Amino acid sequence: MRVAALLVVACALLGAGPVADLLTVPNPGGEALTLTRAALDGNPFFQPLGANGRACGTCHLPSDGWSLAPATARRLFDATGGHHALFRPRDGANAPNLPDGTLAERRAASSLLLARGLIRVGLPIPPDAEFVLEAVDDPYGFASARELSLYRRPLPSTNLAFLSTVMWDGRESRVAGAMATHLARQADGASAGHAQDAVLADEQRRAIVAFETGLVTAQSRDAHAGDLSAGGARGGPQALADQPFFPGINSRRESGGFNRNVFSLFGTWMEADTGARRAIARGEALFNAHAFAGGNFTCTTCHNAPNAGSNSMGATFDLGLTADSRRAPDVPLYTLRCVRSGAKAAAGRMVRTTDPGVALVTGRCDDIGRFKVPTLRGLAARAPYFHDGSAATLDDVVDFYDKRFAIKLTPAERADLLAFLRAL
């Protein structure tokens with residue numbers, strides 16, 4: 001099936017119209033290209049779904065890697081005085097109880113969205129949880145066990161065909177079913193929450209899911225290496241769109257043993273005639289094979305979905321990002337007490353966290369601070385990184401992992417790894 005690239009135009013950024021087709025998207029690393037199998041014109045993904053003016057495309061912009069860049073949020077705020085639909089108090093503000101009568105108040109109320117592109121997610125402590133909320137330190141005076149305030153980056157709404165779980169905490173994949181079923185649940189949840197009690201018709205829901213699952217995005221041109229599909233390389237979205245995927249594709253059961261050689265895009269560039277292309281190829285080899293943590297892990301231990309970089313088995317991990325030692329002063333800190341023992345967490349254990357993550361879905365103490373592994377394609381277009389936007393650049397991401405897991409990259413290895421990540 002033929003596919004067409006697309007780019008959001010300036011009027012669409014302001015909610016005035018749909019995206020235009022047959023265009024690529026520039027970003028700091030070069031250019032990204034999105035392929036789509038679904039019609040754009042009239043798709044409800046770009047249409048306001050409720051009374052507050054929000055559409056799926058409000059927080060998932062093609063120009064921003066189908067996520068939301070803080071710079072875009074700032075442009076929209078300045079253009080509308082903070083009255084754009086993105087800044088609705090329900091979740092575009094740091095808390096819905098903050099004053100917003102003046103321009104200064106609106107700017108302060110949406111500071112997390114403007115600085116790090118964070119949307120507030122309000123979730124309760126599950127009634128059957130293995131933990132209770134002992135204390136809340138919330139600078140906005142809103143959060144409670146009934147509704148914790150959690151601040152998360154909008155995940156990209158492209159490359160969804162390579163997911164095993166939906167949402168940072170997997171809450172839309174907690175019941176059995178196909179990915180289309182999980183995405184339909186997510187569309188309903190987003191409409192009821194972000195669009196404030198909007199209800200999707202069956203036809204709208206089907207059209208949104210068909211559109212999302214037909215999107216494939218990847219970096220297509222690198223600022224230094226040029227065309228990422230040249231010279232036998234398999235960068236860009238077309239090769240990604242053509243490859244198979246199913247949940248568990250890289251599990252021991254399905255593959256006869258984990259395949260650590262997850263990325264196979266740039267091997268032909270090892271002997272390329274330009275240093276930029278050789279660097280990308282070396283970075284790919286590092287990502288696949290550079291061992292750390294006693295030789296037991298590589299980057300592909302977690303990012304194991306072939307040429308996509310998500311986790312093919314839907315595994316979740318605690319990177320320590322939500323620990324109180326990393327807490328920024330502009331987000332709440334929650335003190336949780338485990339009341340029942342799990343595999344790792346004993347009853348009575350106290351945990352201080354800025355976001356319980358998967359634990360708010362499962363209710364398990366052992367899941368506090370765990371999040372899913374996102375896809376890696378199109379990274380250059382969607383800074384900042386991690387669920388909380390705490391890494392402003394890919395350099396910051398590599399620095400974090402290098403220190404967190406004592407990977408001990410040399411300066412040359414670090415440069416090669418960054419070149420590879422920017423080419424995805």
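The part I have in mind is helix 13: how does its expected span compare with the distance between its end C-alpha atoms, and what covers its buried residues?

Reply: The model is predicted, and the values below are computed from it. Helix 13 comprises residues 411-422. At 1.5 Å a residue, its twelve residues should span 16 Å. The end C-alpha atoms of helix 13 lie 17 Å apart, which agrees with that expectation.

The packing against helix 10 may be taken next. Helix 10 (residues 275-289) packs on helix 13 at an angle of about 95°, and the two axes are 7 Å apart. Because angles of 65 to 115 degrees count as roughly perpendicular, helix 10 is roughly perpendicular to helix 13.

On the side of helix 13, the contact is made by Glu413, Asp416, Leu417, Ala419, Phe420 and Leu421. They meet Ala279, Ile280, Arg282, Gly283, Glu284, Leu286 and Phe287 in helix 10.

The buried residues of helix 13 form the run Asp416, Leu417, Leu418, Ala419, Phe420 and Leu421. Among them, Asp416, Leu417, Ala419, Phe420 and Leu421 also belong to the contact with helix 10. The cover over the buried residues of helix 13 includes helix 10 and also helix 12, which runs over residues 394-404.

Definitions and conventions: Residues numbered from 1 in each chain as written. Predicted model: local features only at pLDDT ≥ 70, side-chain atom pairs only at ≥ 80, totals over all residues. Heavy atoms only, no water. Axes fitted to C-alpha atoms, helices over the stretch in contact; angles between N-to-C directions. Helix = DSSP H or I, 4+ residues; strand = E, 2+ residues; numbered from the N terminus. Parallel < 35°, antiparallel > 145°, perpendicular 65-115°, else oblique. Contact = heavy atoms within 4.5 Å. Expected span 1.5 Å × (residues − 1). Buried < 20%, exposed > 50% of the residue type's maximum accessible area, 1.4 Å probe, protein only.
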